[in-house]
Amino acid sequence: MAKAGSKLWQRPASEILRAGPGTLVAELDRNGTPGFSGAKSDGTALLEERGAVLSGLQEMLYANGRSGDSRSVLLVLQGMDTAGKGGMVRHVIGHVDPQGVDHAAFGVPTPEEKRHHFLWRISKRLPRGGQIGVFDRSHYEDVLVVRVHGLVPTPVWQGRYEEINQFERTLVAEGTTLVKVAMFVSLEEQKKRLAERLDRPDKYWKYNPSDVDERALWPAYQEAYQAMLDRTSTEYAPWYVVPCDRKWYSRLAVTELLITALEGLDLSWPPADFDIEHEKGRLADA
Ligand code: ADP
């Protein structure tokens, strides 16, 4: 099964989805399944299988953290409303042990947060050693919504791209592997998902009337996303561009990205810090 599944990827998600100089947000097929030749049923079956692999790797990361390893992984999820950030957390991160996950969602800054530098609230929520951090929105809001709505003067948000790069460079140097996922849903699919929120009582809570106003600003947001990819996709912290009209694909792709990141840490189980034979003897006598 693992072999059959892995053959469905023509190229690893980490290669095919990595943002590069040729990445054009305007031309992105948001309904596509880049690199993956299987159908939805293949994708959902593979997600379960790969979720188990992710879970095993996360346990090893956690075990190493308990033994003093300071390394961590940080998944950054950025996307327009309805792109599926919440579902990503449930269906991808849902595979791993919650005690190894540091989840943080960033909404409109509180009055206290507004009084500080934009990275202040971010710095407080970084994952500790052995943890997978998950950011549902992030410091990138400060070059997205803030840029589109002109919430600060232009030179201020312009300067933030470089500030973010420096910030992430330090994070990586200190042992955090960043997995930055830009989630792209199409304008039509967004409309469908918003309509569903209005049709289903169990989804009313997700509906926010301002989401409809934001649709008028779609082109400005697309430009802001392009600038974000152009200016903050670095060698040490690249962006991955994930089409999200098909939820099964985006979830599978992000699972693969996390697996690649964890495999890159070359983890093994921490050795026992006690005398195994001695303990076996003691247990036998106990
Ligand atoms: P969600 O819409 O993801 O369920 P919330 O309603 O709690 O979550 O908050 C998200 C809103 O907060 C979005 O409209 C987002 O653009 C906004 N937001 C996040 N960060 C900032 C920021 N730094 N400045 C202004 N608005 C922000």
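The exercises below, each with a worked solution, concern a predicted model.

**Exercise 1.** Determine how the axes of helix α3 and helix α12 are oriented relative to each other, and which hand their crossing has.

*Solution.* Begin with the two elements: α3 covers residues 40-66 and α12 covers residues 247-263, and their axes come within 9 Å while crossing at roughly 30°. Next, compare this angle with the cut-off, since angles under 35 degrees count as roughly parallel; α3 and α12 are therefore roughly parallel to each other. Finally, the crossing of these two helices is left-handed.

**Exercise 2.** Describe which residues α3 and α12 bring to their contact, and of what kind they are.

*Solution.* On the α3 side, the residues include Leu54, Leu57, Gln58 and Leu61, and these belong to a set that meets α12 residues, among them Trp248, Leu258, Ile259 and Leu262. Sorted by kind, the residues of this contact are 11 nonpolar, 5 polar and 5 charged.

**Exercise 3.** Decide whether Asp211 is buried or exposed, and name its contacts.

*Solution.* Asp211 lies in helix α10, residues 210-215. Its relative accessible area is 5%, and buried means under 20%, so Asp211 is buried. Apart from neighbours within four places in sequence, Asp211 is in contact with Asp81, Leu194, Arg197 and Lys206.

Methods:
Residues numbered from 1 in each chain as written. Predicted model: local features only at pLDDT ≥ 70, side-chain atom pairs only at ≥ 80, totals over all residues. Heavy atoms only, no water. Axes fitted to C-alpha atoms, helices over the stretch in contact; angles between N-to-C directions. Helix = DSSP H or I, 4+ residues; strand = E, 2+ residues; numbered from the N terminus. Parallel < 35°, antiparallel > 145°, perpendicular 65-115°, else oblique. Left-handed = near helix turned anticlockwise from the far one by under 90°. Contact = heavy atoms within 4.5 Å. Nonpolar A, V, L, I, M, F, W, Y, C, P; charged D, E, K, R; others polar. Buried < 20%, exposed > 50% of the residue type's maximum accessible area, 1.4 Å probe, protein only.
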